[in-house]
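I opened the model to see what could be looked up in it. My entries follow in the order I made them.

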Amino acid sequence: MKIQGLLQDFDFAQTKSDDEEEETSEDFSESDDYESCDYEIESNSDDDTIEDVCEFGEEDIMKSDDDLDSNKGSDNEKERPNFPVFNPIEIYRPTFELGMIFSTRTELRQAIHSHAIITRRSINITKNDKSRLHAKCVEKGCGWKLHALKVTNECTYQVRTYGPDHSCGMSFHVKNLKSKWLSSKYLDKFKCDPKRNLKGFRIEAMKDVKCHISSYQAYNAKRKAIEMIEGVLDEQYSLLWDFVDEVKRTNPGSTVIVGTDQLAGENRFDRIYVFACFENGDYEWTFISDKQKGLIQAFEVVFHNSDHRFCVRHMHSNFENAGFRGQAFKSILWKAARATTLNEFSRNMEEMNELDENAFQWLNDNPPQNWSRSHFNTYPRCDMLLNNGCESFNSSILEAREKPIVSMLEWIMEYLMTKLQKNRDRAE
Ligand SMILES: [Zn+2]
């Protein structure tokens, strides 16, 4: 399972960024495009393999090559000798062997980059096409090289020439160390902690690989890892319709409306409204208003059985406007609003009566089920006294707002479910 996971992660990384520009001044100077160009130019002199082979132990390698060649054209798996097969779990600490089989070219490339990084040498991939891959150490005269060929009718690649020894020295700057490699290697860590501090990540990664990583590379690595985890912003908009269907399917009775704008003849996402129904449509509404005229009547017409509360902050401001200013009035009003038992509420009202009969009368004219916890309907499991829900909701979802659309909606749903359950638990 783990092996497969690694491979998938890795393939994903590869397919995503193949067409992305990502070379920085500190990144490896050869892009994929450059490598294929290189091949086109050199493809005329195709016999350099033999020269390369001669360079390091002609006898051994020629023998191995002969061995390998004798198996050429044998499509039958059973007839193939037991070549070593690269284990993808070793992708960040690979060892190469002559004859070794790699399941894809991508896997082989990644292994070569990892080898370069752990040995702290820069390696050039000089030929990289659909039939072969050649890599050699960038230092002139150094003997490290690897040639691999694609196995006929398979997507596997086999090491056909291998010179394992570097005669060059180690370096702190390894050109193969790119943000793509970093993002794959540290993907799991970003999964556990997506808000991982960039500076901390860079220092940790540099300690790990003992090579230089620029701030820009660290930033790109984090960005790519987060994209791999959450999907790219644009892609998530195309998943939005599936998300809407899924919410409707799993929560019958829910309403989800996606609003779009017309821009240059195309529909563009504008807003989304989600009303998820969790209990078979059996629900009651509670509204908290600032007691605007008309609103109360409207609630009664549209939502017959709805519960209505006044925002206590607005109510206090009306209370002040009625002439009851000062700390004493304010604190008693709030005590009465926060009272959770009828006795406590009565005590507070009595206190108000002693302070000022008119103030008591004013408060008494407002039905307590609209503004005091002691009289609230318990169905909503909610003791809110203010209608600044939007503001506090907005500040609670700050973390989610930087996510792509579907991840953001999922985050908010999870947040709301947890919050509602906590309130239910508290109420019971
Ligand atoms: Zn070398």
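I found Ser238 in helix H10 (residues 233–238). Between Ser238 and Ile405 I noted 167 residues in sequence and 9.9 Å in space, C-alpha to C-alpha.

I noted the ground rules next. Residues are numbered from 1 along each chain as its sequence is written. The model is predicted, so local features need pLDDT of at least 70 and side-chain atom pairs count only at pLDDT 80 or more, while totals for chains, interfaces and linings use all residues.

I then checked confidence. The mean pLDDT (the predictor's confidence in each residue, from 0 to 100) is 77 for the protein, and 78% of its residues reach 70 or more. Over residues 1–77 the pLDDT is below 50. Where pLDDT is low, the predicted coordinates should not be read in detail.

Of the 428 residues, 22% are buried.

Which residues touch the most other members of the largest nonpolar core? They are Phe102, Leu108, Ile112 and Ala148, in a core of 33 residues. A nonpolar core is a set of buried Ala, Val, Leu, Ile, Met, Phe, Trp, Tyr and Cys residues joined through C-beta atoms within 7 Å. Helix H5 (105–119) supplies the largest share of this core, 5 residues. Leaving aside neighbours within four places in sequence, I found Ile112 in contact (C-beta atoms, placed from the backbone, within 7 Å) with Ile123, Ile125, Ala135 and Leu146. Another core lies apart from this one and has 15 residues, including Ile332 and Trp371.

Last, I looked at helix H13 (residues 312–321) and helix H14 (residues 327–338). They pack at an angle of about 145°, with axes 11 Å apart; axes are lines fitted to C-alpha atoms over the stretch in contact, and angles run from 0 to 180 degrees between N-to-C directions. From H13, Val312, His316 and Phe319 meet Phe329, Lys330, Leu333 and Ala337 in H14.

Note on methods
A residue is buried if 20 or more other C-beta atoms lie within 10 Å of its own, exposed if 12 or fewer, and partly exposed in between; C-beta atoms are placed from the backbone. Two residues are in contact if their C-beta atoms, placed from the backbone, lie within 7 Å. Helices (H or I, at least four residues) and strands (E, at least two) are DSSP runs, numbered from the N terminus.
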